[in-house]
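Work through the exercises below with the sequence and the 3D structure open. Try each task before reading its solution.

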Amino acid sequence: MKVTYPHMGTINIVLNALLRELNLEIVPPPPTSKKTLELGTAHGPEFACLPLKITLGNFLEALEQGAEILIMAGGCGPCRFGYYAQVQREILTDLGHNSTMLILEPPQTGWIDFLGKLRWLLGGLPVRAFQRGWTLGMAKARAIDCVEEELERTRPVEALSGVGNAEFNRFLNQLDQATTLAETAKLTKTYQSLLRQLQEGRRASIKVGVVGEIYTVLEPFSNQDLLQRLGALGVEVQRKLRLSHWISEHLTLNSRKRRQFRQEITALAKPYLQYFVGGHGLESVAHSIQLCQEGASGIIQVAPLTCMPEIVAETVLPQVSKDIGKPILTLFVDEQTAPAGLQTRLEAFLDLLPLNDISQHSS
Ligand code: SF4
């Protein structure tokens with residue numbers, strides 16, 4: 001069976017670890033590009049949010065390369081994510097593709113369905129093959145998050161622009177090839193310390209929190225390299241939304257842990273937003289408050305145009321900004337977003353940051 005999945009930042013490394021343990025032949029989609037977006041835009045509904053179009057483009061490109069089984073995450077509302085996979089399946093069928101889409105709904109929405117799909121993926125393999133792959137995949141997700149956090153501290157202070165990114169890419173390539181937990185841990189330590197050396201003890205004086213819709217935060221193609229641009233402008237990015245966090249939140253089997261996490265977020269956002277609104281809308285409000293309390297000078301919210309949960313969050317963020325006394329910029333992105341416009345908005349936003357942060361930055 002030739003299996004594929006859509007890209008979302010570095011999630012391919014985690015999925016490769018799992019699927020290799022299941023002895024499945026992986027046909028990864030080519031890296032997301034302008035062509036991917038054009039394909040997704042040409043065949044996706046005009047008003048669909050950007051991630052649907054890009055991931056549809058990923059599937060079309062993987063199908064061209066011989067993929068037969070498409071793995072896609074499911075969701076349970078209230079936003080459109082719950083319908084993504086079904087819509088994509090219909091589009092692909094209309095286009096004449098005879099592929100199978102395996103939709104992994106969060107286990108809490110239906111245990112039997114979830115276990116049935118796992119069993120199907122396993123074929124004749126024992127369950128411990130899945131456990132091994134899952135453990136290694138999650139270890140790799142956590143490793144990526146640790147090293148990326150270090151990269152976000154390195155970018156604004158590195159002596160030679162781009163060195164940190166080059167090291168991070170080298171790390172990702174080696175991590176993808178790692179087959180054991182010990183190798184994963186060793187690579188993490190090595191690259192964390194390498195990036196620390198590049199910082200030479202310096203720390204950026206401007207810290208900006210990034211919140212928003214998960215795909216747009218994690219996928220550099222969709223946010224036009226937002227995090228990298230901020231780093232190049234001398235800004236240290238701070239964020240709570242990370243790959244391992246999303247995977248464990250989406251697929252965790254530990255309902256107590258999930259409830260506890262929800263309670264924390266709900267309590268923080270409560271003065272402004274009292275209900276789960278889908279996606280990461282509630283987190284955008286809670287994390288904006290949390291990141292500013294932890295020292296961020298301002299917040300950037302990034303989301304696809306027409307993203308319902310983030311539109312709800314956007315309506316209350318001006319009040320959050322007023323109450324905490326820090327600026328919040330909202331960036332909605334779609335296939336029309338131009339890099340020059342984004343850069344100008346970022347530079348203008350940095351000029352709005354509290355005066356003491358700017359003077360520290362230029363000193
Ligand atoms: S969270 Fe936003 S972008 Fe993601 S599926 Fe829901 S509406 Fe679309």
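Two terms come first: an axis is a line fitted to C-alpha atoms, for helices over the stretch in contact, and angles run from 0 to 180 degrees between N-to-C directions. Helices (H or I, at least four residues) and strands (E, at least two) are DSSP runs, numbered from the N terminus. The model is predicted: local features need pLDDT of at least 70, side-chain atom pairs count only at pLDDT 80 or more, and totals for chains, interfaces and linings use all residues. Residue numbers start from 1 along each chain as its sequence is written.

**Exercise 1.** Describe how helix α1 and helix α6 are arranged.

Step 1. Helix α1 covers residues 11-21 and helix α6 covers residues 127-154; their axes come within 8 Å and cross at roughly 165°.
Step 2. Angles under 35 degrees count as roughly parallel, over 145 as roughly antiparallel, 65 to 115 as roughly perpendicular and the rest as oblique. α1 is therefore roughly antiparallel to α6.
Step 3. Residues are in contact if their C-beta atoms, placed from the backbone, lie within 7 Å. On the α1 side the contact has I13, V14, L15, A17, L18 and E21, and among their partners in α6 are W134, L136 and I144.
Step 4. For classes, Ala, Val, Leu, Ile, Met, Phe, Trp, Tyr, Cys and Pro count as nonpolar, Asp, Glu, Lys and Arg as charged, and the others, Gly among them, as polar. This contact has ten nonpolar, two polar and three charged residues.

**Exercise 2.** Which elements give two or more residues to the side of domain 1 that touches domain 2?

Step 1. The protein is divided into domain 1 (2-123), domain 2 (126-154 + 158-202) and domain 3 (204-363), with bounds from an automatic or database domain assignment.
Step 2. Between the C-alpha centres of domain 1 and domain 2 there are 25 Å. Eleven residues from domain 1 and 14 residues from domain 2 form the contact.
Step 3. The elements asked for are α1 and α5 (111-122). The largest share, seven residues, comes from α1.
Step 4. This side of domain 1 has eight nonpolar, two polar and one charged residue.

**Exercise 3.** Between which domains does the ligand lie?

Step 1. A residue is near a molecule if its C-beta atom, placed from the backbone, lies within 6 Å of it.
Step 2. The residues around the ligand include C49, R80, F81, E213 and M308. The shell divides into eight nonpolar, two polar and two charged residues.
Step 3. Domain 1 and domain 3 both give residues to this shell, so the ligand lies between them.

Notes. Two residues are in contact if their C-beta atoms, placed from the backbone, lie within 7 Å.
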